[in-house]
Amino acid sequence: MTATTADPAAGPRPTPRLRRPGGAGLGLGVGLATSYLSVVVLLPLAAIVARASGHGWGRFWSAVTTPEAAAALRLTLVLGLLVAAVNAVVGTLIAWVLVRDEFPGKRVMDAIIDLPFALPTIVAGLVLLALYGTTSPVHLNLAYARTGVMAALLFVTLPFVVRAVQPVLIELDREMEEAAASLGAERFTIFRRIVLPNLLPAIAAGTALAFARAISEFGATVLISGNLPFKTEVASVQIFSQIESDNTLAAAAVSTVLLLAALAVLLALQAMQRLGVRRA
Amino acid sequence: MPSRGGRGALRAVAVGYLLALLALPLGLICWRTFANGAGPVWHALTSASARHALEVTGSVAVVAVVANTLSGVGLAVLLVRHRFPGRRLLDALVDLPLAVSPVVVGLALILVYGRTTGFGAWLAEHGVKVIFALPGMVLATVFVSLPLVLREVAPVLEEVGIEQEQAAWTLGASAAQAFRRVTLPAIRWALAYGVVLTLARALGEYGAVAVVSGRLVGKTQTATLFVEERYQNFDQPAAYAMAVALAAVAVGILLVINLLRPREGS
């Protein structure tokens with residue numbers, strides 16, 4: 001974009017200037033944005049890393065490898081991977097049903113998919129406890145159990161894969177599938193060889209987001225987990241109890257691990273997007 | 001294209017999963033909340049502590065939405081319309097809040113503004129209380145919902161392009177005029193969508209606010225903290241009433257979003 005500036009005094013009639021708010025204005029804008037983001041986001045996060053590493057690598061390492069912290073981090077990772085895997089399969093399946101199937105009530109089903117994003121996380125936990133808690137009418141008590149925590153994580157991560165895959169599936173050209181079918185390909189072969197490769201980038205992106213959300217979730221798990229160390233305590237809940245007992249060093253150390261994991265997922269997503277753009 | 005039987009099985013799995021995870025638990029909690037009619041629910045929601053919690057939630061949400069709307073539009077214009085060194089870094093940084101655990105956000109704010117830090121102590125000396133007070137809760141809420149407006153507005157800004165704005169400048173419009181008369185109308189639905197998303201997130205935030213508020217009943221307790229505190233104190237009717245009220249707001253917000261979404265394309 002080239003900005004042409006003309007001196008109004010040069011011509012007989014003032015030439016309208018093509019102004020782009022660049023120069024000093026741009027510098028001011030960038031400065032403002034950078035300082036705002038620094039104060040609101042960067043500085044606080046840097047404070048965590050500083051607190052965690054302030055007493056050297058040894059202190060950091062011993063804080064994240066205490067039996068309780070290590071158990072919480074391990075549980076967080078395992079649950080995150082499980083939740084991501086379930087979402088990859090079931091999320092794709094739900095997206096498929098929403099796009100390729102027709103049945104009464106489909107529109108309602110499509111609308112409630114977003115509910116977990118709109119619902120406060122503490123309400124999500126409470127809602128699950130109503131059906132799967134100690135007073136369960138179906139006699140399925142998941143309270144204070146790892147399966148309960150997993151159910152809570154599945155609840156809050158539900159929309160990620162569905163909403164990533166759905167638009168791609170809508171745009172997908174049916175002609176390729178029809179051609180394969182006319183050549184005698186089995187239905188499953190068509191799905192595996194033609195549909196799935198086209199959906200894969202969307203599934204991967206949705207799954208990565210679901211994983212990132214699952215390892216950081218707090219509100220939905222807090223009621224259903226009962227915060228039992230070594231059993232149902234995930235990393236975010238562990239951080240919370242360390243803050244409550246004023247042990248900010250331990251809390252900051254575990255937080256740093258979560259931050260690094262979040263950063264890794266974000267970078268992986270960006271790399272995937274760039275790869276996708278290059279392919280297209 | 002699965003066969004008739006396969007299609008039915010897929011449909012059954014999808015519907016069953018959503019029923020078990022979403023619809024049935026939500027239905028059950030509504031049914032239990034209104035088991036004795038609407039009277040007890042109204043009573044629970046209008047108790048002094050519930051009203052106070054709703055007020056705190058409302059004021060924190062309003063400030064956070066205003067802050068994130070202003071910064072979101074400003075950042076979107078900056079990132080889409082301008083090229084400057086460090087732009088991609090800024091672009092990546094903006095997404096970070098969505099990936100950070102709410103508890104980590106709370107801890108981060110405590111480590112900057114808490115009484116044990118130099119800055120926090122200095123602020124306290126000058127009578128500014130951030131942690132265990134509203135400013136900290138606003139900061140936490142602003143943090144967790146930071147990119148929502150920006151991420152809705154930026155793609156639309158990119159799509160509408162620069163031509164109309166240039167035309168406005170050519171005709172002698174000031175930057176403010178061009179923004180108000182040309183840019184703002186073009187992004188208004190995306191902006192509304194982003195504002196609604198931010199509002200939903202701000203009303204529902206729990207983890208970050210739980211850490212920085214100190215959870216002082218009748219002081220810094222928000223609606224979501226009220227749900228947790230009442231539930232832990234075996235006051236199930238009050239916890240359910242507030243949860244259903246928050247869920248109703250969430251459903252209302254979803255409806256608004258669904259109304260806004262199709263109009264984006266037109």
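The radius of gyration used here is taken over C-alpha atoms, and the globule rule it is set against is 2.2 Å times the number of residues to the power 0.38. In this predicted model, chain A has a radius of gyration of 25 Å, whereas a compact globule of 280 residues would have one near 19 Å. The box that the C-alpha atoms of chain A fill, taken along the principal axes, is roughly 90 × 70 × 35 Å. As for secondary structure, chain A comes to 12 helices and zero strands, and the pattern read along its sequence is accordingly written with α elements, as α-α-α-α-α-α-α-α-α-α-α-α.

The division of chain A into domains comes next. The domain assignment gives domain 1 as residues 23-53 and domain 2 as residues 64-279, and the centres of these two domains of chain A, taken over C-alpha atoms, are separated by 30 Å. Between domain 1 of chain A and domain 2 of chain A, the count of salt bridges is zero, while the rule for polar contacts finds one residue pair, both at pLDDT 80 or more.

The interface of chain A and chain B can be read in the same terms. The contact takes 85 residues from chain A and 83 residues from chain B, and the two chains bury about 7,400 Å² between them, 77% of it on carbon and sulfur atoms. Across this interface of chain A and chain B the rule finds four salt bridges; one of these salt bridges joins the side chains of Arg11(B) and Asp101(A), at 2.8 Å from N to O. Seven residue pairs, both at pLDDT 80 or more, are in polar contact between chain A and chain B. Helix 1 of chain A, residues 23-53, supplies the largest share of the side of chain A that touches chain B, namely 16 residues. The residues of that side of chain A divide into 62 nonpolar, nine polar and 14 charged.

Conventions:
Residues numbered from 1 in each chain as written. Chains lettered and ligands numbered in written order. Heavy atoms only, no water. Contact = heavy atoms within 4.5 Å. Buried area = accessible area lost by both parts, 1.4 Å probe. Polar contact = N/O pair within 3.5 Å; in protein donor to acceptor, adjacent residues only side chain to side chain. Helix = DSSP H or I, 4+ residues; strand = E, 2+ residues; numbered from the N terminus. Nonpolar A, V, L, I, M, F, W, Y, C, P; charged D, E, K, R; others polar. Domains from an automatic or database assignment.
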